[in-house]
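Look over the structure shown here.

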Amino acid sequence: MYVSHLSLHDFRSYPTVEVPLEAGVTAFVGRNGQGKTNLVEAIDYLSRLQSHRVASDAPLVRAGADQAVVRAAVVRDGRTATLEVEINAGRANKARINRSPLPRTRDLVGLVRTVVFSPEDLTLVKGDPSDRRRFLDDLMILRAPRLAGVRSDYDRVLKQRNSLLKTAGLARGSAREGALATLAVWDDHLATIGAEILAQRLSLVEALRPYVGKAYETVARGASRDDAEITYRSVVEPVVEPVETTTPTQESLREAILAELARRQKDELDRGISLVGPHRDDLLLFLGHGAGAERLPVKGYASHGESWSFALALRLAAYDLLRADGDDPILILDDVFAELDSQRRVQLAELVADAEQVLVTAAVPEDVPEALAGARYHVTAGEVTRGE
Ligand SMILES: Nc1ncnc2c1ncn2[C@@H]1O[C@H](COP(=O)(O)OP(=O)(O)OP(=O)(O)O)[C@@H](O)[C@H]1O
């Protein structure tokens, strides 16, 4: 798939801009702060209804405006559809396809599929577990968009359950008994929805694993495909190793969550938060040197270069997996080449050069590797002009 036209209104720094695009490579070049990332962020937003830079929508609306509109013509198998999202400050967003409103905004998720590489990717390796959980969930939702609803149901259950835990923790006597009875209902919701997320994440990690090894071998100098390893760590099972065991069923995961909730109930009531469920899990990253070698956790042990290679490998693996599903995602390389040494630049560029659409941002033309020659736009103070 590729975007053949992008229109923005009051999105980030742009009052209005129209950018015709084509399949293949397009580079947006311009000095810092001119609006390059804002363009690619808009396309990524259409894909996930989330920015790769900020958690909330507010900064996406141009300062002083109360609504931003992102519209893109998307070509898939020769057919074009116009996807549009209206981002409303302080009100619900709205989505349209070919100008017809969608009943739910989140029905837009996954119709455009993007994989973004950006300097923030180092947080995949060095950041909190929540960064890695988001990586898994975003990918899971791109592959099965109905899971966007499951994840938002889970967030809602978690919020309600946390507030109930706070009340129950302070209540005494019959009030406490009543709160505990209600808590049992929320335990059930959490376990049912949590087990679905957990099962999906486990099978995603299993699907991703071979691609991570292969991608790491490609981006890290002298590495082999056995060097990089990913493992899902769940709070309901010490370490789930799908390679060695059969993947647990959703029902057995539900029971495991319920059992762990019962075991940790006192802690949860004391602390007033939910301590069990996929919101407490992590994707563990390990590196070794060759098959059979001892593997060490990347966090805390890997060098800066190895950490970067791992982060790139995770993104590349996501791209390869989506591609294997049958439709090339749009690749966005936001300011990454300046961060990489010359060999990694060339390797990454060669790996992605044949993608159906690659959008690159760079401060100077020299940062765009030769393998990524293609259309070029200059971005200066919000003006986007076609260059040579
Ligand atoms: N909501 C907003 N309203 C108005 N301006 C904004 C808004 N959000 C961001 N900007 C402006 O957009 C500019 C940043 O644009 P962008 O991140 O696209 O830069 P860039 O060209 O990618 O730069 P760099 O090379 O430094 O990454 C900044 O000047 C910032 O002040």
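**From a helix to the ligand**

In helix H4 of this predicted model, the buried residues are Leu147, Ala148, Tyr154, Val157, Leu158, Arg161, Leu165 and Ala168. An α-helix has 3.6 residues a turn, so residues three or four places apart point the same way. The cover over the buried residues of H4 includes helix H3 (129–143), helix H5 (173–219) and helix H7 (265–271).

In soluble globular proteins, nonpolar side chains tend to be buried together. Here the largest nonpolar core has 109 residues, and Ile43 and Ala313 have the most contacts inside it. Helix H5 gives the most to this core, 15 residues. Leaving out residues up to four places away in sequence, Ala313 touches Val212, Ala215, Tyr216, Val219 and Ala228.

Now turn to the ligand. There are 18 residues around it, and Ser13, Asn32, Lys36, Thr37 and Asn38 come nearest. Five residues of this shell are nonpolar, nine polar and four charged. Helix H1 (residues 36–48) supplies the largest share of the shell, three residues.

An unreviewed UniProt entry annotates Gly30, Arg31, Asn32, Gly33, Gln34, Gly35, Lys36 and Thr37 as "binding site". Arg31 lies in the loop between strand S3 (24–29) and H1, and Gly33 is found in the loop between S3 and H1. Are these residues buried or exposed? Arg31 counts as exposed because it has 12 C-beta neighbours inside 10 Å. Gly33, with 11 other C-beta atoms within 10 Å, is exposed.

Notes. Residues are numbered from 1 along each chain as its sequence is written. This is a predicted model: local features need pLDDT of at least 70, side-chain atom pairs count only at pLDDT 80 or more; totals for chains, interfaces and linings use all residues. A residue is near a molecule or strand if its C-beta atom, placed from the backbone, lies within 6 Å of it. Helices (H or I, at least four residues) and strands (E, at least two) are DSSP runs, numbered from the N terminus. Ala, Val, Leu, Ile, Met, Phe, Trp, Tyr, Cys and Pro count as nonpolar, Asp, Glu, Lys and Arg as charged, and the others, Gly among them, as polar. A residue is buried if 20 or more other C-beta atoms lie within 10 Å of its own, exposed if 12 or fewer, and partly exposed in between; C-beta atoms are placed from the backbone. Two residues are in contact if their C-beta atoms, placed from the backbone, lie within 7 Å. A nonpolar core is a set of buried Ala, Val, Leu, Ile, Met, Phe, Trp, Tyr and Cys residues joined through C-beta atoms within 7 Å. UniProt positions are given in the numbering used here, feature names are shortened, and annotations may be inferred rather than shown by experiment.
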